[in-house]
Amino acid sequence: MKILIIAGSEHFLYGFKKELICALAESGHEIVVSTPTGSMHAELAALPCRIIDTPVDRRGLNPLKDAKLYRQYKKMMAQEQPDKVITYTVKCNVYGGMAARKKKIPYYTNVTGVGTGFQKKLLRRIVIFLYKKALKNVSGVFFENDANRDVFIKNKIIGADKAVSVNGSGVNLEEFSYKELPGAELPDEAFKTDFLFLGRVMKEKGIDEFLCCAKKAKEEALDAAFSIVGGLEENYKERLEALNADGTVRYYGFQKDVKPFIERCDCVVLPSYHEGMSNTLLEGAAMGRPLITSDIPGCQEAVLDGESGYLAQKSNADDLYDKIKKYLSLDVEARNVMSLASRAHMEAHFDRKEVVQKTLEVIL
């Protein structure tokens, strides 16, 4: 059987779906991947799959470009003749789904978050209309949290019988192995506690709230560092350069391998506004890092509030700062207890092997 996987990012596929690609190939299936060529091309190409370079404007709203993408997917499916199609992320779900439906190929959609489109009234109507059209004959839709699933069912995009719940992409517990907290053993000896923002640098990931906390901490001379790892999705370049220059934050840009940064930090912070299931939180927790994140679906699931980290009010910098100071007040023993609780929570509920197995059971 030939399976076509459509996604908007090589980084996403390699980082979170390589185990699924390998499992499908090991089951004897031919895997073809459609995604834009990016920084992880060599790594993805080393997997048992064939890659078709397909540019996707993930955040753009140009109807002409979207129509072109739909035509590209239809042409690709006509040439490849896949037996099944799997799609990830909004545009790939919508236009890949429409193309598969048109070609009468069984297809499976993965909702990794409802995204910006559901936050704005007019855009929400358009996205719902497009999703209804794309998923009319879908074989199954995977959801990373129950709130996203309920949005699709409530808006009659799909019936409840098509919905499949999984714990996000899960996390590779071997790759992201447990590491003891660094304590005071950090490169910059002036800081004892390193708070790490790990994610795309954009407003909806809560970067403004994180920067606000970093400024407050500097003003109050708290014994803390604020590090940022992630590519720029929006125009924060000059602001970050200035804050980096005066020591308010340490910005490392996009990194292919985030593990060294997680290992070096004491706590992962993600004040996101909305998530499907935050992979960065799962990775941080798997390595034994306490988490401070927003009290929203897609983030809540990764944290045992008060045990493995803290939940803060969405888009509330003051509450986020209170949680950061609360973590700073913990002694070494309490932090270690949180660290172990974080790892144990991942082992109990977010092992990627289980997510892959459930996916295979539905698709094959």
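Helix H3 (residues 63–80) packs against H4 at an angle of about 45°, and their axes lie 9 Å apart. Axes here are lines fitted to C-alpha atoms, for helices over the stretch in contact, with angles running from 0 to 180 degrees between N-to-C directions. Helices (H or I, at least four residues) and strands (E, at least two) are DSSP runs, numbered from the N terminus. H3 and H4 are therefore oblique to each other; angles under 35 degrees count as roughly parallel, over 145 as roughly antiparallel, 65 to 115 as roughly perpendicular and the rest as oblique. H3 passes H4 in a right-handed crossing, where right-handed says that the near helix is turned clockwise from the far one by less than a right angle, and left-handed that it is turned anticlockwise.

Before going on, keep in mind that this is a predicted model: local features need pLDDT of at least 70, side-chain atom pairs count only at pLDDT 80 or more, and totals for chains, interfaces and linings use all residues. Residues are numbered from 1 along each chain as its sequence is written, and side-chain values use heavy atoms, with hydrogens and water left out.

Back to the helix pair. On the H3 side, Asp66, Leu69, Tyr70, Tyr73, Lys74 and Met77 meet Lys91, Cys92, Tyr95, Gly96, Met98, Ala99, Ala100 and Lys102 of H4, contact meaning heavy atoms within 4.5 Å. Sorted by class, the H3 and H4 contact has 9 nonpolar, 1 polar and 4 charged residues. For these classes, Ala, Val, Leu, Ile, Met, Phe, Trp, Tyr, Cys and Pro count as nonpolar, Asp, Glu, Lys and Arg as charged, and the others, Gly among them, as polar.

H4 (residues 90–102) has another partner, helix H5 (residues 121–134): their axes come within 8 Å and cross at roughly 35°. This crossing of H4 and H5 is left-handed. Val90, Asn93, Val94, Tyr95, Gly97, Met98 and Arg101 of H4 make the contact with Leu130, Tyr131, Lys133 and Ala134 of H5. That set comes to 7 nonpolar, 2 polar and 2 charged residues.

Next, follow helix H1 (residues 10–26) to helix H13 (residues 352–363), where the axes come within 10 Å and cross at roughly 50°. H1 and H13 are therefore oblique to each other, and H1 passes H13 in a right-handed crossing. Gly15, Phe16, Glu19, Leu20, Ala23 and Leu24 of H1 touch Arg352, Val356, Thr359 and Leu360 of H13. The contact of H1 with H13 splits into 6 nonpolar, 2 polar and 2 charged residues.

Now for the inside. The largest nonpolar core has 53 residues, and Phe195, Phe226, Ile228 and Ile292 have the most contacts within it. Such a core is a set of buried Ala, Val, Leu, Ile, Met, Phe, Trp, Tyr and Cys residues joined through side-chain atoms within 4.5 Å, and buried means under 20% relative accessible area, exposed over 50%, partly exposed in between (1.4 Å probe, protein chains only). Helix H7 (residues 207–219) supplies the largest share of this core, 6 residues. A second, separate core of 32 residues includes Leu4, Ile105, Val127 and Phe143.

Ile228 sits in strand S9 (residues 224–229) and, at 0% relative accessibility, counts as buried. Leaving out residues up to four places away in sequence, Ile228 touches a set including Leu196, Phe210, Leu240 and Tyr252.

Helix H10 (residues 279–286) is mostly covered, with 8 of its 8 residues buried. The cover over those buried residues includes H1, strand S8 (193–198), helix H9 (259–264) and helix H12 (332–349). After H10 comes Gly288, whose phi is positive, near 85°.

Gly170, in the loop between strand S7 (163–165) and S8, is buried, with a relative accessible area of 2%. Apart from residues up to four places away in sequence, Gly170 touches Asn279, Leu282, Phe350, Arg352 and Val355.

Ala221, in the loop between H7 and S9, has a phi near 55°, a positive value in a residue other than glycine; at 65% relative accessibility, Ala221 counts as exposed. Ser315, in the loop between strand S13 (309–312) and helix H11 (317–328), also has a positive phi near 55°, and is partly exposed, with a relative accessible area of 43%.
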